Amino acid sequence: IAHHNGGALSFFDVTEPDQLGEPVTVVYPPEIEPGTKKAPEAGKLDQGLPALHGISYAPNGRYLICADPVQNSVFTYAVDSKGIPTSPDKPMSQVVCETSKWAYAWVQRFLAWMLKSKSPRPRRAVVHPNGKWLYAIHEWTNYVQIYAIDEDGNIDP
């Protein structure tokens with residue numbers, strides 16, 4: 001489970017599908033700029049760092065993809081056979097999403113100006129079934145950014 005406020009990933013044992021106890025593991029992704037983590041504030045759009053929104057597993061089951069709109073990044077974790085990150089303190093790969101330079105970039109720049117943000121804010125990220133491409137959808141621009149990704153989950157910016 002991804003926690004938008006507080007930015008944690010919680011992993012639960014679901015062998016008993018009608019019961020959910022305490023998390024088996026809780027992972028706190030890193031801050032892109034150390035020292036920027038902040039507590040969520042009522043009425044604020046950016047709710048603290050990190051702030052995970054979308055997570056999904058790669059088709060091969062070897063890594064987890066996380067989208068963090070507040071830090072404007074997508075990152076991956078290597079996972080074990082139960083889907084739990086093997087190195088919870090350090091993502092395997094991380095990319096900071098950029099505003100597009102293509103045909104509709106003026107729309108993105110206008111939205112960024114209106115919303116006082118230069119971030120396209122990746123909301124969800126998924127990997128193509130062939131495992132070679134990662135697609136990140138940006139919530140404020142409705143733009144899909146495509147990255148090459150290898151079978152181990154390393155993103156090529």
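**The salt bridges and their surroundings**

Reply: The side chains of R62 and E151 meet in a salt bridge, with N to O at 4.0 Å. The model is a predicted one. This pair links distant parts of the chain. R62 sits in the loop between strand 3 (54-57) and strand 4 (63-68). E151 sits in the loop between strand 9 (144-149) and strand 10 (155-156). The two residues are 89 residues apart.

How exposed are the two partners? E151 is exposed, because its relative accessible area is 54% and the cut-off for exposed is over 50%.

R62 has another partner. D152 forms a salt bridge with R62, and the closest N and O atoms are 2.2 Å apart. This pair, too, links distant parts of the chain. D152 is in the loop between strand 9 and strand 10, while R62 is in the loop between strand 3 and strand 4. Here 90 residues separate the partners. D152 is partly exposed, with a relative accessible area of 34%. Shared partners join R62, E151 and D152 into one network of salt bridges. A search of the whole structure finds two salt bridges. In general, side chains of opposite charge can pair when their charged atoms come close.

Now the nonpolar side. The largest nonpolar core has 14 residues. Those with the most contacts inside this core are I65, V74, A125, L134, Y147 and I155. Strand 4, strand 7 (122-127), strand 8 (133-138) and strand 9 each give two or more residues to this core. Strand 4 gives the most, with three residues.

Take Y147 from that list. Leaving aside residues up to four places away in sequence, Y147 touches V95, V96, C97, E98, K132, W133, L134, A136, I155, D156 and P157. A second, separate core has ten residues, including L52, L64, Y77 and I84.

To return to the charged part: R62 bridges to E151 and to D152, and the three form one network.

How values were computed
Residues are numbered from 1 along each chain as its sequence is written. This is a predicted model: local features need pLDDT of at least 70, side-chain atom pairs count only at pLDDT 80 or more; totals for chains, interfaces and linings use all residues. Side-chain values use heavy atoms; hydrogens and water are left out. Helices (H or I, at least four residues) and strands (E, at least two) are DSSP runs, numbered from the N terminus. Buried means under 20% relative accessible area, exposed over 50%, partly exposed in between (1.4 Å probe, protein chains only). A nonpolar core is a set of buried Ala, Val, Leu, Ile, Met, Phe, Trp, Tyr and Cys residues joined through side-chain atoms within 4.5 Å. Contact means heavy atoms within 4.5 Å.
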